[in-house]
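Subject: Structure handover

Hello,

Please find the structure below.

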Amino acid sequence: MTACLEILGLDAAIRRGPRLLRNVSLSVAPGEVRALVGESGAGKSMIGKAVLGVLPRGIEVTSGDILLEGQNLGALSPGLRRRTVGAAAALIPQDPLTALNPSRRIGPQITDKLVHLLGWIRARADARARELLDEVRIRAPERVMASYPHELSGGMRQRVLIAAAFASEPRLIVADEPTTALDVTVQKQILRLIAELQARHNTAVLFVTHDLGVVAKVSQSVSVLFAGKVVEAGPTEALFRAPAHPYTRALMAATPRYTDPFASLQPVPEAVLAGLRAEVAAEDAAREARNG
Amino acid sequence: MSADTRAQRRRAGVRLWLPGLWLGLLCLAALAAPWIAPHDPLAQDLMLERLPPAWVGGAEPGYWLGTDSLGRDVLSRIVWGARIALVVALIAASAACLLGSALGLVAGYFGGWPDRVVSRLVDVWMAFPPVLFAILLVAVLGAGLHSVILAIAIIDWTRFARVIRAEAMVQARMDYVHSARIGGAGRIGTLLTEVLPNVLPSVIALLALEMGVAVIVEAILSFVNLSISTDDPTWGSMIAEGRASIHFAWWVLVFPLVALFLTVLSFSQFGEGLKDRFDPVLR
């Protein structure tokens, strides 16, 4: 079976500036959840944005390929690329407070894509939206669809965003730290909800997070990033049981545990960081050599 | 809804109806000027020069706000002057708003070279002192109402461009704009459905503010005799004329000044009120 998403040797950089992604390769099979973990600024979100084609201004992909359902996105015209990505993929954004347009009602924000991109008729799209809101356990879908975002709580909004992401039956969902902006109890519900819908619809998920606890809960495979470079990747269970890279081990040691709440936080040791910087420098040198 | 929001909403209410009342009255006066003005605004009668307002001793009945140095009725001239003031306010401010907002939206949303072009243009434009620029423009275009309107639009679009550009830039970074793009929406479509509705409250507030500014600029230009012909009743020319006789016929200056003041204040407060009303969180 071909992978749903395959990234091969992806490089991205600020125009005439530093590299942000260093030769990133990964793949997500249909129905698989792959977690991307790393510190802030490691480039986890950047990968998702590159796939969806919404990199911030001034940041560009310099080399590498992104294959969505076997189709090389780089080979498509911008318009066709957007339609292809729009039809096959969706985003669950990080901050539910800024991810819904405050001056538009919820309903059209869910159905826009169905109507405009997939060409559904309005009534069918509305029915689909109600169905999805029901799936994310929103009790009064009609009322919510007629509401403005500010009338809903943060957790409700995140549910709406999950419903909106799944509405178009995407084969791939990029979940960009979907629980970071929520409080802990709501986090749990949202994670369970994503896992449930993902399993039911057999969706591939690229799950961006910095929380190893979340990784263990939701993902089947992990890629650990440092400075835009994948330092270790593998099945979640194996990686948690026997982390091979010292950075992965350090990250795990740095994760606070409920079982031992008074243990002091462990920063990543300086020796590990020095080793990583050497690896990154080696990677940059290798690229220099490749490019002549 | 919190008590805070409710208090804010009440304030927004007062801001809307009080200025709305004055502006409505003004519009009515402007529209019905030929019927409600007690006298011909241009009729001179040197026998009736500098009559005081009705409640001051020595007044002539029928001249409620007195007459000026040529014996023209001040109230009638204010009523007819409202026509010119409102025409300028509406047309000039709308033109400036359309031009400036469109350029601001494009610059803020697209960034890159459109932004650089618009921003430099705004910088250069704002380096000119606006009143001198207006006088210069009118001098070149020839005095008259259409040149005044054109001059205001040409000068004041930068106010809109600046503010709307900044707001569009903020909007362009929002996740819902990204989501719309991922959902296959085109750039123009996204600009119109996701960005525009969120900057609209600011556009409207600025538009109302700009109407007030347009009234002032028109008054300034007629004060320096560069608006329409000196005979025509404009608030600016009335103020200019009243200035000469301030010590013995204050009413010639004060009444048009009050009309001008109330109008400009009403426009700005009306704009603020509208902005609050359009704000989806306060709605």
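What follows goes through confidence, then each chain, then the contact between the chains.

First, the ground rules. This is a predicted model, in which local features need pLDDT of at least 70, side-chain atom pairs count only at pLDDT 80 or more, and totals for chains, interfaces and linings use all residues. Residues are numbered from 1 along each chain as its sequence is written, while chains are lettered from A and ligands numbered from 1 in the order in which they are written.

**Confidence**

The predictor gives the complex an ipTM of 0.78 and a pTM of 0.80. Chain B averages 86, and 94% of its residues score at least 70. Here helix α1(B), residues 3-31, is lowest at a mean of 81. Helix α4(B), residues 112-127, is highest at 94.

**Chain A**

Chain A holds 11 helices and 10 strands. Helices (H or I, at least four residues) and strands (E, at least two) are DSSP runs, numbered from the N terminus. The C-alpha trace spans about 60 × 50 × 35 Å along its principal axes.

Strands pair here if DSSP finds at least two bridges between them.

Start with the open sheet of six strands, in the order β6-β7-β8-β3-β9-β10 (chain A). Its pairing is mixed. β6(A), residues 89-92, and β10(A) stand at the edges with a single partner strand each, so one side of each is left without a neighbour in the sheet. Neighbouring strands are turned by 15° against each other on average, direction ignored. Within this sheet, β7(A), residues 172-176, runs parallel to β8(A), joined by five bridges. One bridge pairs I173(A) with V205(A) in β8(A). Helix α6(A), residues 154-167, packs on the sheet and touches β6(A) and β7(A). The direction of α6(A) makes about 175° with that of β6(A). Angles run from 0 to 180 degrees between N-to-C directions, and axes are lines fitted to C-alpha atoms, for helices over the stretch in contact.

At the other end of the strand order, β9(A), residues 221-226, pairs with β10(A), residues 229-235, in the antiparallel sense over six bridges. S221(A) has P235(A) as its bridge partner in β10(A). The two strands form a hairpin with two residues between them. A227(A), in the turn, has a positive phi of about 50°.

The other sheet is open too, with four strands in the order β2-β1-β4-β5 (chain A) and antiparallel pairing. Its edges are β2(A), residues 19-28, and β5(A), residues 71-72; each has a single partner strand, so one side of each is left without a neighbour in the sheet. β4(A), residues 59-68, is joined to β5(A) by two bridges. In β5(A), Q71(A) is the bridge partner of L68(A).

**Chain B**

Chain B has 10 helices and zero strands. Its C-alpha atoms fill a box of roughly 75 × 50 × 30 Å along the principal axes.

α8(B), residues 187-223, and α10(B), residues 251-278, pack at an angle of about 175° with axes 7 Å apart. That makes α8(B) roughly antiparallel to α10(B). Angles under 35 degrees count as roughly parallel, over 145 as roughly antiparallel, 65 to 115 as roughly perpendicular and the rest as oblique. The residues of this contact divide into 17 nonpolar, five polar and two charged. Ala, Val, Leu, Ile, Met, Phe, Trp, Tyr, Cys and Pro count as nonpolar, Asp, Glu, Lys and Arg as charged, and the others, Gly among them, as polar.

**Where the chains meet**

The contact takes 24 residues from chain A and 17 residues from chain B. Two residues are in contact if their C-beta atoms, placed from the backbone, lie within 7 Å. On the side of chain B that touches chain A, α7(B), residues 175-182, and α8(B) each supply at least two residues. α7(B) gives the most, with seven residues. That side of chain B divides into eight nonpolar, six polar and three charged residues.

Best wishes

Technical notes. pLDDT = per-residue confidence, 0-100.
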